[in-house]
Each structure stands twice: as structure tokens, then as C-alpha cells.
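User: I'm new to reading protein structures. Could you walk me through some features, one at a time?

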Amino acid sequence: MKQLKHIIAFFFIIIIVLGFMACTPQIAEEHPRNPEENLQEPEEPAEVEEPDEADEPKADPVDLKAIKANENGQVMILMYHGIGEKEAVWMRTAENFRKDLEVLYNKGYRLISLKDLIENNIKVEAGYTPFVLTFDDGAENNFNIIEENGEKKIDPNCAVGILEEFKKEHPDFGSGGSFFIYYPIPFRQKELIKEKYEFLIANGYDIGNHSYNHENLGKLSIEGIQKSLAKNVKSTQEYLPDYDVYALALPNGIGPKGDDYKYAATGEYEGVKYNNRAVLKVGSNPAPSPVNVKFDPIRLPRVRASEMETEGVGMYDWLQYFEKKPEKRYISDGNPDTVAIPESEAEYVDKSRLNGKELVIYKE
């Protein structure tokens with residue numbers, strides 16, 4: 001009898017255990033022997049409906065009349081030389097150069113490259129005016145590298161240092177700037193010439209021709225002109241192979257005389273060719289628009305960016321002029337594919353210089 005009770009108790013325990021297992025959820029193996037057995041058929045991806053172009057938000061059209069768009073207006077090519085501690089006729093202090101940039105920015109001027117100007121490749125926001133920066137002579141104060149705590153850095157008070165800092169603070173200011181240098185030691189730090197050149201090119205600047213040794217081109221023979229300009233190109237390309245030196249700033253503003261002037265633009269010496277698609281004078285007035293009938297890229301005038309001995313012809317004089325006569329100022333329509341002008345400018349446009357852009361004429 002006692003044995004029977006043990007048998008009954010044993011079967012009762014088995015029944016309880018089996019019931020408990022039936023109620024317990026099964027746990028999948030963490031690492032199945034055959035992973036493929038646990039794979040599920042992938043679901044077909046849901047079709048993504050392509051956005052309808054008509055549904056995409058479009059920018060409001062620019063009111064050309066309201067912003068007084070005139071892409072046949074004048075453009076200032078500003079001429080600087082040194083950036084130093086004391087203001088002089090050909091020297092601007094670092095403080096005044098910073099002030100110049102701030103004034104230009106606040107008055108709606110935006111920086112472009114000289115190349116973009118002559119190629120009519122101007123990309124400026126609607127209602128704003130392009131301008132170009134140039135620096136003659138390649139002095140050390142144009143681009144100076146100093147050492148601080150054992151590391152090299154750009155002097156914050158040289159032209160490049162000031163420009164780089166200003167661009168960081170004003171990302172919409174634009175970029176550009178042409179440095180017209182001569183040899184044998186441009187920027188006056190011989191061991192850093194290549195390093196400086198590479199920085200300039202990588203950051204949107206240009207290196208231009210200013211003759212080999214700042215010669216007076218008006219006193220040279222045809223051979224002498226070609227020798228000076230070709231040697232400059234050859235020397236630059238020793239640091240930057242195949243670099244396109246596309247512009248010349250005439251030393252002292254003096255070019256070859258008479259028919260010899262063409263050698264300022266193109267020539268060759270000892271197998272080295274040069275092709276200056278832009279030749280800059282000293283001048284004292286803004287340049288015509290690149291689509292204007294008067295635009296001559298090898299005789300481009302510049303505005304002196306100074307406040308000494310520039311009465312009536314300096315940068316601040318021209319800023320005031322354009323405020324009084326905004327119709328004379330180049331004002332962008334914001335569209336790089338069109339050239340917008342008021343009706344009054346139609347007869348002054350050279351259509352061969354549109355560079356594939358559409359001419360838009362609106363009623364004033």
C-alpha cells in the first residue's frame with residue numbers, strides 16, 4: 001500500500017512538471033546551428049513616390065525693377081599696395097583695410113575674382129554689387145607668415161590674414177583677390193614662396209604678373225617687354241607647374257607705347273609664352289560691365305583704395321557717387337544664367353560677350 005502511494009505521488013509530480021513546461025514560452029537559440037533556417041523572406045520594399053516637380057517649393061521671382069537690377073553697370077576693381085602700420089599714399093593701415101571691407105560689405109558689395117569678371121561669370125546675390133580686389137608688388141605685408149609658440153601661422157595684420165578672418169566672420173562676403181608679384185622674391189620670404197602660392201590658389205586667390213623686376217614697360221623694346229613678362233610666368237610656374245597666369249598689372253601703371261601695347265597682352269620669349277586676358281592700369285574710375293560695349297579687358301581701369309591724394313577719384317568717392325546715382329552701379333539679378341538690364345541700357349550691351357547667358361530687358 002505504501003508503495004502504491006509512492007507511485008501515485010510520482011505520477012502526480014510528472015503531471016505538474018509537464019503542465020508547467022506547456023505554459024512556459026520557448027526561447028530561441030542565441031546561435032542556431034543553421035542560421036539559414038531562422039531567416040525570414042524579406043518583405044518587398046514599399047514603393048517610394050517620386051516628388052512632383054510642381055510640388056517642390058520655388059523661390060519667389062525677383063522683382064528686377066524693385067531691386068534696380070543693372071548687370072550692365074560699373075564695377076570697381078580696387079587697387080591696393082601695402083598694408084602697414086602707418087597710412088601713406090600707397091600704404092593702407094591694417095585698421096583701415098578692415099574698415100574698408102566692413103564698409104563695402106555693409107553697402108551691399110560682394111567680392112568676386114578678376115577672372116570671373118572678365119569671363120562674365122558673376123555670381124552675386126540679387127540686389128548686390130560685385131567688386132574685385134587687387135594688390136600690387138607682392139610685399140611681405142601682403143602675405144606674411146610668422147611663428148608663434150613654435151608653429152607657423154598667417155600674420156593676422158597682413159592682407160591675407162585680414163581677408164581670411166573677415167571671410168570667416170562674413171561667409172556671404174564672397175572670395176577672390178589678385179596678387180600681382182614680381183621677382184626674384186615675391187612676398188619677401190624666400191623659403192616660403194611655394195607654401196604661400198599653394199595657399200593662395202587653394203583659397204580662391206590669383207597670382208598675377210607685375211613684370212619680372214618691376215620694369216617700366218613703356219621704356220623697353222619689344223624684346224625687352226616680352227622677356228620681362230615671360231620670365232615672370234616662367235618663375236611662377238617653377239613653383240606652380242602649368243599655372244595659368246592670366247592677368248598683368250602694369251608696373252607704375254605704364255604700358256608699352258603705341259602699337260607695342262599688344263605685347264602687354266600676348267608674347268613669347270625663349271619658348272615661354274604669356275597670355276594676359278586682363279591688363280590692369282592704375283586709373284581712377286570703375287570698369288564697365290563685362291557685357292558693356294566699352295569693356296576692354298586689356299585696358300581695365302582701377303579705383304585707388306586709399307584716402308590720401310585721391311580726392312574725387314578714391315574708393316570712398318565712388319561709393320558716394322553710386323549712392324547718388326545707383327543706376328550707374330552694377331546690381332545683380334541673382335541669376336548666373338541671365339543678364340538683366342533696364343531698357344535704357346539695351347543699346348550699350350555687347351551681345352557677343354553674353355557668354356551663353358540670356359539677356360533679360362525689363363521696363364523701368
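Predicted model: local features only at pLDDT ≥ 70, side-chain atom pairs only at ≥ 80, totals over all residues.

User: What volume does the largest pocket have, and how does its lining divide by class?

Analyst: Its volume is about 370 Å³. As for the lining, seven residues are nonpolar, six are polar and six are charged.

User: And what about the second largest pocket: what is its volume, and which residues line it?

Analyst: That one comes to about 230 Å³. Its lining includes Lys65, Lys68, Glu327, Tyr362 and Glu364. By class, you get four nonpolar, two polar and six charged residues.

User: Next, strands. Where do the side chains of a strand point?

Analyst: In a regular strand, they alternate between the two faces of the sheet. Take strand 12, residues 272–275.

User: Which way does strand 11 run relative to strand 12, parallel or antiparallel?

Analyst: Antiparallel, with four bridges joining the two. Together the strands make a hairpin with two residues between them, and Glu270 in the turn has a positive phi of about 50 degrees.

User: Now the inside. Where do nonpolar side chains tend to be in soluble globular proteins?

Analyst: They tend to be buried together. Here, the largest nonpolar core has 56 residues, and Met76, Leu78, Tyr80, Phe97 and Leu133 touch the most other members. Helix 3 (residues 94–106) gives the largest share of this core, six residues. There's also a second, separate core of 19 residues, with Leu114, Ala247, Leu280 and Tyr330 among them.

User: Can we zoom in on one residue? Is Val132 buried or exposed?

Analyst: To call a residue buried, you want its relative accessible area to be under 20%. Val132 has 0%, so it counts as buried. You'll find Val132 in strand 5, residues 129–137.

User: Which residues does Val132 touch, leaving out those up to four places away in sequence?

Analyst: Met76, Ile77, Leu78, Leu111, Ile112, Ser113, Leu114 and Leu117. Look at Leu114: along the chain, Leu114 and Val132 are 18 residues apart, yet their C-alpha atoms are separated by 6.0 Å.

How values were computed. Residues numbered from 1 in each chain as written. Heavy atoms only, no water. 1 Å grid on protein atoms, 1.4 Å probe; cavity = no way out; pocket = protein on both sides within 12 Å on 5 of 7 lines; lining within 4 Å. Points joined across faces, edges and corners; volume = space filled by probe spheres on them. Nonpolar A, V, L, I, M, F, W, Y, C, P; charged D, E, K, R; others polar. Buried < 20%, exposed > 50% of the residue type's maximum accessible area, 1.4 Å probe, protein only. Pairing = 2+ DSSP bridges. Core = buried A, V, L, I, M, F, W, Y, C linked by side-chain atoms within 4.5 Å. Contact = heavy atoms within 4.5 Å.
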